[in-house]
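Please look through the sequence and the three-dimensional structure shown below.

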Amino acid sequence: MTVESTAARKPRRSSKRTAGAGAGAKKTAAEPQLVQLLTPEGERVEHPDYDVDLSAEELRGLYRDMVLTRRFDAEATSLQRQGELGLWASLLGQEAAQIGSGRALRDDDYVFPTYREHGVAWCRGVDPTNLLGMFRGVNHGGWDPNSNNFHLYTIVIGSQTLHATGYAMGVAKDGADSAVVAYFGDGASSQGDVAEAFTFSAVYNAPVVFFCQNNQWAISEPTEKQMRVPLYQRAQGFGFPGVRVDGNDVLACLAVTKAALERARRGEGPTLVEAFTYRMGAHTTSDDPTKYRADEEREAWEAKDPILRLRAYLENAGHADAAFFEELETESETLGKRVREAVRAMPDPEPMAIFENIYADGHALVDEERAQFAAYQASFSDGEGN
């Protein structure tokens with residue numbers, strides 16, 4: 001489902017409650033403004049600059065996207081715990097940021113992800129099972145980036161922002177009206193690559209949207225130890241706008257991202273979107289968040305769960321009935337089973353294939369290493385190394 005919704009920046013009439021600064025609480029002038037269209041209690045509110053006008057079917061589609069993405073993510077975490085994956089980076093709690101921004105994209109837009117954008121991959125039509133090959137150690141990425149305009153996962157922190165900027169500069173030179181999105185986290189925003197990407201994108205007026213999922217923790221480092229000002233305000237120093245959006249509000253993420261993309265297509269340059277959200281799980285399955293953050297913090301954010309708030313809105317507005325939720329639960333379990341079976345059926349790569357495609361014309365050192373590894377494999381008398 002591609003949500004082609006209205007997300008123009010325009011004044012709105014005040015038939016609904018206006019929320020210009022977050023979850024309905026009174027804000028002081030010194031606090032950052034937070035774009036929000038759906039409160040944690042599931043109440044639809046207005047914002048003076050952003051809005052979406054979605055049908056009941058489109059709203060149910062967004063809910064389905066988030067539920068199935070969370071189900072896939074939970075299955076991948078379980079598979080890692082069972083020894084089927086070497087590592088997994090969970091998106092638990094960040095579904096709204098990813099689905100909202102992902103559904104704002106056009107087919108001809110191009111995405112540069114990190115290693116946690118499973119929801120965006122879902123929106124781009126990448127088969128969820130293809131995301132798992134790298135984490136199982138059987139390939140370097142299981143999809144063709146050009147088939148879905150979704151680049152391979154990037155492990156090096158922040159480097160994809162430079163790739164996105166360069167690609168966007170090329171898009172502009174080609175005269176296309178498509179846009180580019182670069183995803184990264186709050187921790188990556190401290191990397192020099194991100195600052196360089198900001199500089200180049202601003203100077204060359206590149207049609208790129210920098211979408212930062214501020215999940216409050218760069219592994220064990222909280223945001224207050226990473227930056228002295230709200231993250232979205234950094235864009236001002238580079239000469240382009242920044243906006244902070246409620247990252248647990250799928251409607252607001254959709255509206256803000258769509259507006260930023262449209263701005264890029266009009267030739268007005270980059271935008272920094274800070275999706276203010278929370279990583280409810282571990283940084284990866286090798287991490288233990290109980291060592292560095294309090295349970296009370298997670299509990300406070302669980303009350304802002306992106307899926308629960310949209311479900312509340314759907315039920316209160318009469319946009320979904322019990323049958324819809326029951327059918328989705330069945331579909332969710334079917335997806336989990338398909339993922340389990342696909343992972344366990346993935347063939348191991350040929351051991352010697354690691355030496356292929358290193359150099360176009362070959363290399364003496366690679367030849368030597370290949371011979372040494374072949375001899376090592378052959379040393380196993382039972383043949384397990386072959």
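What distance should the 16 residues of helix H9 span? At 1.5 Å a residue, the helix (residues 250-265) should span 22 Å, and its end C-alpha atoms are 22 Å apart, which agrees. The expected span is 1.5 Å times one less than the number of residues. Helices (H or I, at least four residues) and strands (E, at least two) are DSSP runs, numbered from the N terminus.

This is a predicted model, in which local features need pLDDT of at least 70 and side-chain atom pairs count only at pLDDT 80 or more, while totals for chains, interfaces and linings use all residues. Residues are numbered from 1 along each chain as its sequence is written, and side-chain values use heavy atoms, with hydrogens and water left out.

At the N-terminal end, aspartate 249 caps H9: a side-chain oxygen lies 3.0 Å from the backbone nitrogen of leucine 251. After H9 comes glycine 267, with a positive phi near 85°.

Tyrosine 204 sits in the loop between helix H7 (192-203) and strand E3 (208-214). Its relative accessibility is 47%, so tyrosine 204 counts as partly exposed.

Aspartate 65, by contrast, belongs to helix H1 (residues 56-81) and counts as buried because its relative accessibility is 1%. The side chains of aspartate 65 and tryptophan 122 are joined by a polar contact of 3.0 Å. Such a contact is a pair of N or O atoms within 3.5 Å; within protein, one must be able to donate a hydrogen and the other to accept it, and residues adjacent in sequence count only if both atoms are side-chain atoms.

How values were computed:
Buried means under 20% relative accessible area, exposed over 50%, partly exposed in between (1.4 Å probe, protein chains only).
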